[in-house]
Amino acid sequence: MSSTEEPQAKKRLASIDALRGFDMFWIMGGDALAIALLTMLAIPGSATLAKQFEHVAWEGFRFYDLIFPLFLFLVGCVLPFSLDKYRDEPKAVYTRIARRTAALFLLGLIANGLLKLEFDDLRIAGVLQRIGICYGIAALIFVHANLRGRIITIAGILLGYWALLRFVPAPGGVAGDMSIEGNLAGWLDREFLPGKILEQYYGFGDNEGILSTIPAIATALLGTLAGSWLRTSRTDLQKLGGLLAGGVACLVAGYAWGLSFPIIKNLWTTSFVLVTTGWSLLLLGLFYWLMDIIGYKKWALPFTFIGCNAITIYMCQRFIKFDYMSEYFFGGLASIWESQSTLILLIGTIAFKILFLWFLYSKKVFLRV
């Protein structure tokens with residue numbers, strides 16, 4: 001760990017929990033709510049803005065493409081805080097890392113339908129699986145590498161991944177092919193990734209496939225740099241300035257690199273890593289300024305409820321029928337105001353999810369994996 005970190009800085013940052021909740025809000029229905037609101041408003045530019053809440057088909061970047069990398073960035077960001085107490089207990093830290101990695105991977109398989117026991121149709125890759133892998137590897141690197149070592153590792157991952165996709169062709173293809181059908185990462189998934197490949201967005205490879213997981217580890221490691229920065233003895237304004245400066249630098253580097261190495265989420269290209277890290281740093285800076293510097297926290301309470309149980313709601317919304325609750329309580333209103341029935345029911349569904357998370361938060365019930 002970096003010698004500039006302040007061992008006594010154990011205060012939990014409200015901004016990290018709230019930003020994690022802000023990120024998760026869009027996954028638990030905020031995207032559909034935003035689209036419905038913009039459709040209702042029907043003001044100039046609303047249709048264009050609504051597209052920001054959908055993934056880009058392939059090359060490019062929209063707000064919704066930030067959701068997953070922001071979560072991974074925050075996974076890395078908390079490592080300097082969560083692993084600090086284990087710095088003198090190597091057995092305990094390895095046990096913790098192994099347990100959390102395995103638990104996240106298992107939850108991901110359950111989310112993909114493991115308990116249906118239809119193994120031929122089971123998708124092995126997934127969001128929680130990638131989070132688990134990135135957490136485990138980033139945590140081990142964090143434990144064993146100082147600040148300089150982590151920076152060198154990140155640079156090596158980003159440059160190495162760029163070189164692979166730029167100079168190594170898929171069998172029967174050409175080097176540097178970044179198309180949906182011809183890229184190297186997709187070929188590796190089709191040939192070697194066990195289980196079913198997700199066809200919803202990509203089809204020729206998995207969104208959370210083998211090769212693209214490598215640069216995702218760099219996203220988590222970049223988060224550890226931010227977490228270490230926030231644990232230094234520098235002033236709050238110096239920390240804020242560092243986050244903002246880092247964010248701008250990553251955006252400039254990412255968009256510049258994107259001119260020759262496209263920004264593609266499904267491949268998690270190195271330009272995508274830098275662009276999403278840039279926006280993540282700027283958002284973290286904004287939340288840090290609002291909540292941890294000037295103390296303006298009440299506005300973010302719903303996000304805090306979500307952020308403290310983000311994995312809980314990610315799993316629970318698969319089997320708790322919050323939409324049925326919304327239909328039961330607000331179905332009458334929706335039938336009267338038929339033109340806005342979708343919006344009403346969406347608001348109800350999200351409200352019940354937040355109430356559920358508020359109840360867990362008030363009882364201090366948190367999923368610890």
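The protein contains 15 helices and zero strands; both are DSSP runs numbered from the N terminus, a helix (H or I) having at least four residues and a strand (E) at least two. This is a predicted model, in which local features need pLDDT of at least 70 and side-chain atom pairs count only at pLDDT 80 or more, while totals for chains, interfaces and linings use all residues. Residues are numbered from 1 along each chain as its sequence is written, and side-chain values use heavy atoms, with hydrogens and water left out.

The C-alpha trace spans about 60 × 55 × 50 Å along its principal axes. For 369 residues, a compact globule would have a radius of gyration near 21 Å, and the value for the protein, 21 Å, agrees; the radius is taken over C-alpha atoms, and the globule rule is 2.2 Å times the number of residues to the power 0.38. Of the 369 residues, 51% count as buried (under 20% relative accessible area; exposed is over 50% and partly exposed lies in between, with a 1.4 Å probe and protein chains only). Among contacts (heavy atoms within 4.5 Å) between residues at least 6 apart in sequence, 71% join residues at least 24 apart.

Beyond its neighbours within four places in sequence, Y135 is in contact with V75, L79, L83, R96, I97, R100 and T101. The C-alpha atoms of Y135 and R100 are 8.3 Å apart, although 35 residues separate the two along the chain. The charged end of R100 sits over the ring of Y135, 5.0 Å from its centre (the criterion is NZ of Lys or CZ of Arg within 6 Å of the ring centre and within 35 degrees of the ring normal). R318 likewise lies over the face of Y314, at 4.4 Å from the ring centre.

The whole structure holds 25 aromatic pairs, defined by ring centres of Phe, Tyr or Trp (its six-membered ring) within 6.5 Å; planes under 30 degrees apart are stacked, over 60 edge-to-face and the rest tilted. W162 and W257 form a tilted pair, 6.4 Å centre to centre with 55° between the planes. This pair links helix α7 (residues 147–167), which holds W162, to helix α10 (residues 236–258), which holds W257, across 95 residues. Y296 and W299 also form a tilted pair, at 6.4 Å and 40°. Y296 is partly exposed at 48% relative accessible area, as is W299 at 30%. Both belong to one aromatic cluster, whose members include F22, W26, F287 and F303.
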